[in-house]
Amino acid sequence: MAKTKTNSEDYLRMYRQMVRIRSFEDNANQLYLSAKMPGLTHMYSGEEAVAVGICEALKTTDKITSTHRGHGHCVAKGAEFKEMFCELLGKEEGYCRGKGGSMHIADQSNGNLGANAIVGGSMGIATGSAFTAKMLGKDDVTVCFFGDGATAQGLMYEVMNMAALWNLPVIYACENNGYSEYTKTEEIAAGSITARAEAFGIEAHQVDGQDVLAVNKLATDLVARARKGEGPFFVELMTYRYHGHHVGDINREYYRTKDEEKDWKENRDPIIRFRAHLVSEGLATEDELDALNAEIAKDAEDAVKYALDAKYPDVSEVDMHVFSDIKHALA
Amino acid sequence: MREITLSQAVNEALAEEMRRDDTVFIIGEDVAEAGTPFKVLSGLVEEFGTRRVVDTPIAEPGFMGIAVGAAMTGARPVVDLMFGDFIFLIMDQLCNQAAKTHYMSGGKLSVPLVLRTNMGATRRSAAQHSQSLHALVAHIPGLKVAMPSSAYEAKGLMKTAIRDNNPVVIFEDKLMYQDKAPVPEEEFLIPFGEANIKREGSDITLIGTSSMVQVCEKAAEILAAEGISAEVIDPRTIVPLDEKTLLESARKTSRVIVVDEGHQSFGVTSEIASRINEKAFYHLDAPVLRMGAMDVPIPFSPALEDITVPTPEGVAEKARMLCGGEMINAA
């Protein structure tokens, strides 16, 4: 595996964050399967090294924009299980008081400007966040997470053009998980993904999104350079989503085979690979990592329990937060 | 008091607010040296530089998206949308992103953004540069909508909009840019949601927005010569709407015509008429009438275009019929 951070604490934190994401998603899926969660959700499982490798290169004040498949970004940028599960269940203590749900979790305290349920919808927001940093002379960097499906949206080309014209400190992080909803990426994307950015003179990279150290090494370099005004940058992260487009997309053999899924899960899993690396390098023992896994599993279980018992928002909140200066919009 | 044009009033409001607050900036097509096709922004780039008066490529969704992200992260953009008709291009950024961010985040994120655009037919600009589309915007919860009826309102409403922490859309009538009105030299703001009674009357209420306020005032003069006393009210903002003032007038005069340059069906006139019917029904002596733009695309030919929008004579004629006890359009 590629190497960057040498501090074993950094390595263990990356491992921990990846396991936290997987654990969060396993519980979210169970909530759906047991009919305890309203609506649907989109699982990040399998893509953990992308969010963690990138967010570990960011400071709390750096910003990210996220997607409908956004739990991983949220956890990686520093969010807590309790507020996240409360949000998934529409509870008052959720990050958005239950008003956003899975597809709109925002955690501004950690620089997460929010998940977006319009594919490619946050590309303007991320670029605008970078615009603010440059205009106000702040050194924040913004990372725009989006999927391969979003490369078909026109907005991306408009904002990459402006980001390049104005040298904005934004990194476009394309999570290429091979599928645009229920359709293979090669059926929706002509030519090369990175060439799209290169057409605007944006430096573009492709990286193994299942190798957290490779992702982190590249991200650390690009974030530092973006901070110095050398942005924007574009990264295509080759990854895989273990679940369907959403939790209800269970019978999916019409668009991809079980053998393909099995191969990614068994041979390219980002957590299994990194765990083997940590053990072989002597940074942690199997027992220590098992204990860490158990601790995270317990945290997630406790947070789920807490969220299931938590209060729903009072119905009087329905017309609150429509406008920031009008307490009840319909009063 | 000195008189200045509506264009100068907008320019002054922007300059004053930009001097007061370093985070305010203008973004749009040909806003800098060109000062827009209507020359409303002339001189601002000389004072504030290209850092704060930002020319963009012709990419409305892109720069609107950038403005949303900038607003979410500490800047206060004033977006210049060259023609109101282009609002269809930015609908996702305006309605799915800007309008909903505060609500979806449970009040944690705000979008203090002003979208300046225009409206108004009879400029011989044909169907894609003549529409008055404010009703579309007013339909979406989370957006405030201001419609200045003179230079005085244009300045006071603009300054309030820039200081508002919500997305505000201001529709300026493009035929009024050179119209002069008394505007105080000293600073003033016009609060949102406060209608202005332009003329007091007792027989009928004429509610007009934007340039239709002038149409209503002229109609009131025609009627006065015939012994009919018309009250003229300018809501100034349609979101929030000063329902109280409108209802009080309806109860007083018992007859109402609502005049607005948007298409008549499903529009602002329909909304205001419905509210008066629902809340002042027993005070009414006649049905509340709507007068909007004809439900046709705006035609190019002057012979056709001029008949698509309400005129003082047309309003006076309907008022005369209402006051004469004729049940207009009754089956």
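A crossing of two helices is left-handed if the near helix is turned anticlockwise from the far one by less than a right angle, and right-handed if clockwise. Helices (H or I, at least four residues) and strands (E, at least two) are DSSP runs, numbered from the N terminus.

The model is predicted: local features need pLDDT of at least 70, side-chain atom pairs count only at pLDDT 80 or more, and totals for chains, interfaces and linings use all residues. Residues are numbered from 1 along each chain as its sequence is written, and chains are lettered from A and ligands numbered from 1 in the order in which they are written.

Start between the chains. Helix H5 (residues 123–135) of chain A packs on helix H3 (residues 60–72) of chain B. Their axes, lines fitted to C-alpha atoms over the stretch in contact, lie 6 Å apart at an angle of about 60°. Angles run from 0 to 180 degrees between N-to-C directions. H5(A) is therefore oblique to H3(B), the class left after under 35 degrees (roughly parallel), over 145 (roughly antiparallel) and 65 to 115 (roughly perpendicular). H5(A) passes H3(B) in a right-handed crossing.

Contact means C-beta atoms, placed from the backbone, within 7 Å. Residues of H5(A) that meet H3(B) include Met123(A), Ile125(A) and Phe131(A).

Now turn to chain B. An automatic or database assignment sets its domain bounds: domain 1 (3–182) and domain 2 (196–323). Their centres, taken over C-alpha atoms, are 26 Å apart. The contact takes 27 residues from domain 1 of chain B and 23 residues from domain 2 of chain B.

Terms used
Two residues are in contact if their C-beta atoms, placed from the backbone, lie within 7 Å.
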